[in-house]
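Me: Could you take a close look at one part of this model for me and walk me through how it is put together? I'd like the surroundings included, in one connected answer.

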Amino acid sequence: MPPFNMQPLKNPMPTQDANVRKGNFDEVALGYTAEQAISEAKRCIRCKHRPCVAGCPVNVKIPEFIGKIAEGDFEGAYQIIAEDSSLPAVCGRVCPQEKQCERVCTRGIKAGCESVGIGRLERFAADWHMAHEKALNAVTPPTNGHKVAVIGSGPAGLTCAGDLARKGYDVTVFEALHVAGGVLVYGIPEFRLPKAIVEREIDQLCALGVKIETNMVIGRVLTIEELKTEYGFAAVFIGSGAGLPKFMNIPGENLKGVYSANEFLTRSNLMKAYEEDSHTPIQRGKRVAVVGGGNVAMDAARTARRLGAEVHIIYRRGEEELPARQEEIEHAKEEGIIFDLLTNPVRILATETTDPRDPSFGWVQAIECVRMELGEADESGRRSPKAVAGSEFTLPVDCVIMSLGTSPNPLLKATTAGLNTLRRGEIEVDAVGKTSLEGVYCGGDAATGAATVIKAMGAGKIAARAIDEYIQSKEK
Amino acid sequence: MYQIVSKKSLNPTVTQMEILAPFVAKKARAGQFVILRVDERGERIPLTVAGYDRERGTVTIIFQVVGGTTERLNHKNEGDFIPDFVGPLGRPTQVDGLKKVCVVGGGVGCAIALPVARALHENGVDVTSIVGFRNKDLVILEEDFKAYSDDFYMMTDDGSYGRKGNVCVPLEELLEKGERFDEVITIGPLIMMKFVCLSTKKYGVKTIASMNPIMIDGTGMCGCCRLTVGGEMKFACVDGPEFDGHLIDFDEAMSRSRSYAEFETRQREHACNLFKKEVE
């Protein structure tokens with residue numbers, strides 16, 4: 001057993017300099033070197049109660065994989081992670097570890113001490129594996145003859161598909177867009193999650209025998225009923241994601257230059273509109289207001305910054321209440337994003353011309369906001385913001401990006417008889433993801449509303465187990 | 001990959017293609033749309049379904065060359081492939097319960113009005129068709145329209161073919177004469193649909209307009225295709241593409257449709273130049 005490293009703080013993550021990276025879309029965090037990884041791995045003291053494992057939504061055997069890294073067996077570390085996680089290189093980058101495994105780490109309990117950098121180590125092991133692997137592991141498990149359909153190729157669908165394929169199921173994933181990956185390709189920017197990594201993780205699943213059919217909008221081109229009857233799928237997993245972007249219902253939201261964060265990010269990430277000669281257009285604003293304070297808002301703001309804009313985050317609560325990950329907020333600040341906190345938009349103002357033939361007609365010119373103050377905490381413990389009377393001001397901007405979350409997509413509900421939904425439209429599921437229809441399971445944002453990649457993966461994993469039990473029980 | 005099984009030029013700027021896409025062909029209905037990409041770097045563009053052949057597994061699209069993508073698509077030939085063709089998307093035209101309908105099409109919009117006229121005709125509906133074009137050279141699908149219409153009116157802006165004037169002229173004449181349409185369905189340039197809706201509003205005739213805004217995913221995710229209908233925000237891709245024409249904010253839709261006008265012009269010129277170079 002190598003000696004433990006008792007330094008109180010994590011080995012810092014090497015990153016691209018903020019002044020350089022604000023002008024490119026290359027990945028911000030560069031990853032540990034082998035020496036840094038071993039040093040960090042030695043900070044894990046193999047405590048007996050292993051709180052980190054329970055803190056992980058897919059229960060990765062964290063102390064074991066970290067132990068392998070400490071010994072210098074990086075491939076061994078990867079193999080341990082891969083037993084529980086279908087997308088290690090993705091999770092190591094985008095999981096909110098500080099709210100999960102790292103939050104409960106024994107090393108982080110004492111004041112002034114930081115947890116082990118579990119996410120950074122996971123990423124290291126996954127990247128090492130990708131860089132050193134000679135060919136994709138093409139050993140497909142023996143098939144058990146049962147077909148399962150997965151709707152959506154985001155984190156929930158891919159995890160469910162991977163777990164079932166490893167058990168021998170014949171899995172087909174139906175994706176509505178022209179590439180697989182869901183939010184990993186249309187939502188999360190290249191500089192946080194390089195698309196080549198997502199592609200590689202998906203190739204890995206295909207090597208397991210998972211089939212991916214792109215350009216298939218289930219509900220329109222095929223219904224769930226048809227998948228089960230005509231096409232012989234024994235079970236269906238719905239991982240169709242979050243759905244329709246929300247707007248504020250304030251005047252001016254349909255002006256030219258106003259985007260939903262989904263649209264802005266899809267143009268940039270999926271359609272590569274950030275490339276100079278892209279065939280898909282995107283507005284390169286001079287001054288951009290991003291409304292909202294979540295991770296998606298940070299992604300949109302940092303993308304707009306890289307496209308050359310001065311960027312303001314407009315958020316109605318204070319710094320403490322920002323829902324985004326601390327790391328994202330820090331990175332955004334380093335890149336020069338301006339935070340207009342305790343501020344709320346009232347309306348979006350158009351250019352002055354009233355002549356529709358004038359090319360400048362109907363574009364955003366400014367956003368009118370009001371200052372907010374936080375009132376007493378309500379029953380939920382959150383202090384609700386109230387507008388300060390007479391504090392209205394206008395911020396001249398030529399682009400506004402609304403990042404206010406999403407509401408569920410109504411398509412599957414509308415085209416699937418007997419599929420129950422909750423009041424807001426999320427698909428109703430029990431603890432293992434079972435819906436109101438026999439043999440139909442659901443997980444991820446389609447069931448919970450907008451959440452995180454790893455929660456969706458956790459739901460995909462639980463549903464895969466339930467689908468396996470369901471099909472095996474029917475066998476008997 | 002999806003193969004182009006036939007290509008036909010309908011007029012100097014409008015092309016018809018049949019695309020082999022059996023899954024889409026099996027489910028497509030009048031009023032719905034598809035999204036396609038022309039090549040691996042291509043943008044996603046929506047095109048309303050102009051026809052389908054379930055047995056041959058083909059879907060017909062008709063498009064006008066307006067930007068880089070349609071320019072590139074127009075350079076594809078019979079036998080070539082396009083990487084992506086997804087659909088059918090949106091809600092189909094509702095034809096149930098209708099007895100007498102007036103279909104008003106304008107320009108390339110006639111390509112989309114045609115399957116609607118056909119669906120109505122095949123459902124036993126009495127169909128009056130009014131189609132309008134800028135001039136004789138741009139007229140498309142006249143014979144097809146006549147085949148599905150009980151009454152047919154051809155209009156051109158300059159009078160070089162049919163009657164001179166816009167589609168609202170015969171429409172208002174018919175309404176004035178007391179023709180009772182259960183519904184008017186209009187598909188064409190936004191400005192034309194706006195005026196058709198103003199005409200029918202005077203006579204209190206229910207009017208459906210088919211919208212074709214800028215889209216990306218076409219499944220409700222991006223909100224790019226949003227428009228105001230009756231004071232409410234609607235997404236053309238999932239709530240439409242057809243809406244009550246009397247409630248649509250056409251001025252806003254027209255403004256939004258020009259969001260990338262400059263980019264489109266540049267892209268088209270760029271694509272043209274590339275093709276010219278290839279020829280040289």
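Reply:

Happy to! Please keep in mind that this is a predicted model. In chain B, three strands form an open sheet with antiparallel pairing, in the order β4-β3-β8. β4 (45–48) and β8 (84–89) of chain B are the edge strands, and each has a single partner strand, so one side of each is left without a neighbour in the sheet. From one strand to the next, the twist averages 25 degrees. Four bridges join β3 (residues 33–37) of chain B to β4(B) in the antiparallel sense; in β4(B), B:Pro46 is the bridge partner of B:Ile35.

Now to chain A, and to helix α4 (residues 62–71), which is mostly covered, with seven of its 10 residues buried. The buried residues of α4(A) are A:Ile62, A:Pro63, A:Phe65, A:Ile66, A:Gly67, A:Ile69 and A:Ala70. Their cover includes α2 (34–41), α3 (51–55), α5 (74–84) and α7 (118–132) of chain A. After α4(A) comes A:Gly72, with a positive phi near 85 degrees.

The axes of α5(A) and α7(A) come within 8 Å and cross at roughly 110 degrees. Angles of 65 to 115 degrees count as roughly perpendicular, so that is how α5(A) stands to α7(A). On the α5(A) side, the contact is made by A:Phe74, A:Glu75, A:Ala77, A:Tyr78, A:Gln79 and A:Ile81. The α7(A) side supplies A:Glu122, A:Phe124, A:Ala125, A:Ala126, A:Trp128 and A:His129.

Leaving aside residues up to four places away in sequence, A:Leu121 touches A:Phe65, A:Ile66 and A:Ile69, together with A:Tyr32, A:Ala37, A:Glu40, A:Ala41 and A:Val116.

Terms used: Residues numbered from 1 in each chain as written. Chains lettered and ligands numbered in written order. Predicted model: local features only at pLDDT ≥ 70, side-chain atom pairs only at ≥ 80, totals over all residues. Heavy atoms only, no water. Pairing = 2+ DSSP bridges. Helix = DSSP H or I, 4+ residues; strand = E, 2+ residues; numbered from the N terminus. Axes fitted to C-alpha atoms, helices over the stretch in contact; angles between N-to-C directions. Buried < 20%, exposed > 50% of the residue type's maximum accessible area, 1.4 Å probe, protein only. Contact = heavy atoms within 4.5 Å. Parallel < 35°, antiparallel > 145°, perpendicular 65-115°, else oblique.
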